[in-house]
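Dear colleague,

Please find below the structure that I am handing over to you.

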Amino acid sequence: MTALRPGQQGHTLDVAGENIDGARINVVDALRGIALLLILLVNVWYFSSGYAFQLVSDPAYGALDRLVAGAVELLFAMKAYLLFSFLFGYSFTLQLDSAARRGATFGRPFLRRLSGLFVLGALHAVLLFHGDILTTYALLGLVLLAVRRIEPRSALLAAAIIVGVIAFVVGLAAVLGAAVVPDQAAAVTAGAASTEALRGGLGDVVLEHLRSLPAMLGALAVQGPLAFAAFLVGLAAGKHRMLAAAHIHENLLRRCERVGYPVGLAGATLFAIGGGTANMTALMVSIVTAPFLAAAYAATLLRLFTRRPRVADALAPAGRMALTNYLGQSLLCVLVFTGVGLGLAGHTSPAQTLLVALTIFVAQVAASYWWMRRCRYGPFEWALRAWTHSRRPAMRR
């Protein structure tokens, strides 16, 4: 027995748009669906308030507000994108196998796919969300393509070295007295101005995104290498097809939980108490321990999906159209929080912000289920696939 659901045909898709001939691997799609939720729970704060981008709390927050925001930082910040990146690397191996089975060339179509992903990401960053990850994935995908023949053990070793080097550099910066937020008062003032800009029209929002891009590029100096390290872990797991038969690796999954939760939660607690990404020392701790917690999350979810396949069935459609849902999350958040829509930026408490995020995700799960029963691809997956292969794929089932 494997984790494939009998009688279910179709394609498994992620932001890279892989196509697996044969049956759908529901646990991969379902895990990607949960990764979308975690990404949204982290990203929604950058829509709801300009203070988040400045790495300071809204001065209007009370004790309960800070507790809710801190819980999100503890549980999800620095972990959500690692899970998403792991799945990107895993899916890359499925694309390689699919091309090999069909006797098709891989390099040129994949390069076209990455170029399409980069353009989508650039538009996303300017129009919807300055924290876009698609452009980073597109660039890192070039490196992943170059090292695609790496052995799994070597990939894991390289990932560990990357994490260690980034942690060392950030730790050294902390020892030398570097500060992520050198002037707290100035950051609060900038946060108020950013929040006001978000409540403006489309032009104000776009200008705010453009002003924010240099700082976002600086943040990618840390996030980019860590995402690539997760790519490599996913690549190693994909070469062993670990998610296609997760139940076979029950002992490994349990070990991930036994080690990942205590180490990851201890580090996450220090990270949240220490000031999160606004503090170099706290950031260094999270760089080292966040992969443990992300791995524990993945292990728990995989065990859940193999024991409760109906849960995986419910979440898989959202994961199958991950690119559309990722971009859709940003569009819906723009319509809720900025002046393009309701203009609620700065007017929702952390608890209300989380409620908005959960509502968006539930709506996307339902919409994805409806859409994928009728269509082979999500809208943006279809467009990216058409660009990749220079032909229009059939949309309807």
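In this predicted model, helix H10 is the main contributor to the lining of the largest cavity, giving four residues. Both helix H3 (80-102) and helix H10 (280-307) supply at least two residues of that lining. The residues that line the largest cavity are Met78, Tyr81, Leu82, Val163, Leu226, Ser286, Ile287, Ala290 and Pro291. By class, eight of them are nonpolar and one is polar, with no charged residues. The volume of this cavity is about 50 Å³, and the structure holds five cavities of 30 Å³ or more.

The second largest pocket contains about 960 Å³ of space. Its lining comprises 34 residues, and Phe86, Val233, Cys256, Pro291 and Ala295 are those nearest its centre. H10 again provides the largest share, with eight residues. At least two residues each come from H3, helix H6 (152-175), helix H8 (202-239), helix H9 (250-273) and H10. The lining of this pocket consists of 29 nonpolar, three polar and two charged residues.

Turning to the packing, the largest nonpolar core has 99 residues, within which Ile287 and Phe305 have the most contacts. Helix H1 (residues 26-48) accounts for the largest share of this core, namely 16 residues. Leaving aside residues up to four places away in sequence, Phe305 touches Val27, Ala30, Leu31, Ile34, Val311, Ala312 and Leu315.

Yours sincerely

How values were computed: Residues numbered from 1 in each chain as written. Predicted model: local features only at pLDDT ≥ 70, side-chain atom pairs only at ≥ 80, totals over all residues. Heavy atoms only, no water. 1 Å grid on protein atoms, 1.4 Å probe; cavity = no way out; pocket = protein on both sides within 12 Å on 5 of 7 lines; lining within 4 Å. Points joined across faces, edges and corners; volume = space filled by probe spheres on them. Nonpolar A, V, L, I, M, F, W, Y, C, P; charged D, E, K, R; others polar. Core = buried A, V, L, I, M, F, W, Y, C linked by side-chain atoms within 4.5 Å. Buried < 20%, exposed > 50% of the residue type's maximum accessible area, 1.4 Å probe, protein only. Contact = heavy atoms within 4.5 Å.
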